[in-house]
Amino acid sequence: MDKGAGPGSNETLLFLTDEQLRKGIEAMFFAYRGFTADPDRILEQRGYGRAHHRAVHFIHRAPGTTVNNLLSILGVTKQSLNRVLRSLIEDGLVESRIGREDKRERHLYLTPAGAELERALSDAQRARMRAAYRAAGPAAVAGFRQVLEAMMDAEQRAQFQSLRDGGSA
């Protein structure tokens, strides 16, 4: 691709002003608030927060994932994750099973009630994403994902790609 090809080229993107970048950053802040608003209302009814949502989401995406894998994906402390998992397990939303090969490992699964919560949270976010994608159009969808992936550190991108490709990260 000719980098100097004009307004749609990669070269043009290198000359964003600080003001344009600030507007993009602010748009992300407000979009994130919108993206999390509906799930936050559902979580609040149960006394949960966003950490619970992320745990439920990634346990759903990779049933049987280990606690250590979940720690790696979420990038939180063991103490923080244990607090979240303890409440999810006590409330009957997550089941922790001892590993067959390594008895020190704990494998995590959503219970039917956990799957129901995950579905409610994801349905709310999918509806918002679907409406935004429809409004923006196909080219914007691909571009948006490219921007998001480009913002990830190499390790985060590898984890994301592993999940996207059907792995457990």
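A charge sits over a ring if NZ of Lys or CZ of Arg is within 6 Å of the ring centre and within 35 degrees of the ring normal. Keep that rule for the second stop. This is a predicted model, in which local features need pLDDT of at least 70 and side-chain atom pairs count only at pLDDT 80 or more, while totals for chains, interfaces and linings use all residues. Residues are numbered from 1 along each chain as its sequence is written, and side-chain values use heavy atoms, with hydrogens and water left out.

**Stop 1: the sheet**

Select residues 65-66, 94-98 and 106-110, which are the strands β1, β2 and β3. Helices (H or I, at least four residues) and strands (E, at least two) are DSSP runs, numbered from the N terminus. Two strands pair if DSSP finds at least two bridges between them. Here they make an open sheet of three strands in the order β1-β3-β2, with antiparallel pairing. Because β1 and β2 stand at the edges with a single partner strand each, one side of each has no neighbour in the sheet.

How many bridges join β2 to β3? There are five, whereas β1 and β3 are joined by two.

**Stop 2: charges**

R97 lies over the face of the Y109 ring, 3.8 Å from the ring centre.

Next select E19 and R22. They form a salt bridge, with the closest N and O atoms 2.2 Å apart; the term means a side-chain nitrogen of Lys or Arg within 4 Å of a carboxyl oxygen of Asp or Glu. Both residues lie in helix α2, three residues apart, which is about one turn of the helix. By this rule the structure has eight salt bridges.

**Stop 3: the largest pocket**

Select F35, F144, L148, M152 and F160. Of the 50 residues that line the largest pocket, these lie nearest its centre. On a 1 Å grid over the protein atoms alone, a pocket is an open set of points with protein on both sides within 12 Å along at least five of seven lines, a cavity is a set where a 1.4 Å probe fits but cannot get out, and lining residues have an atom within 4 Å of a point. The pocket holds about 2,700 Å³ of space; grid points are joined across faces, edges and corners, and a volume is the space filled by probe spheres set on the points.

Which helix gives the most to this lining? Colour α2 (18-46), which supplies 13 residues. The lining has 27 nonpolar, twelve polar and eleven charged residues. Ala, Val, Leu, Ile, Met, Phe, Trp, Tyr, Cys and Pro count as nonpolar, Asp, Glu, Lys and Arg as charged, and the others, Gly among them, as polar.

**Stop 4: the cavity**

Finally, select A51, R54, L74, V76, S80, L81 and V84, which line the largest cavity. Two or more of the lining residues come from each of α3 and α5 (78-90), and α5 gives the most, with three. The space is about 50 Å³, and the lining divides into five nonpolar residues, one polar and one charged.
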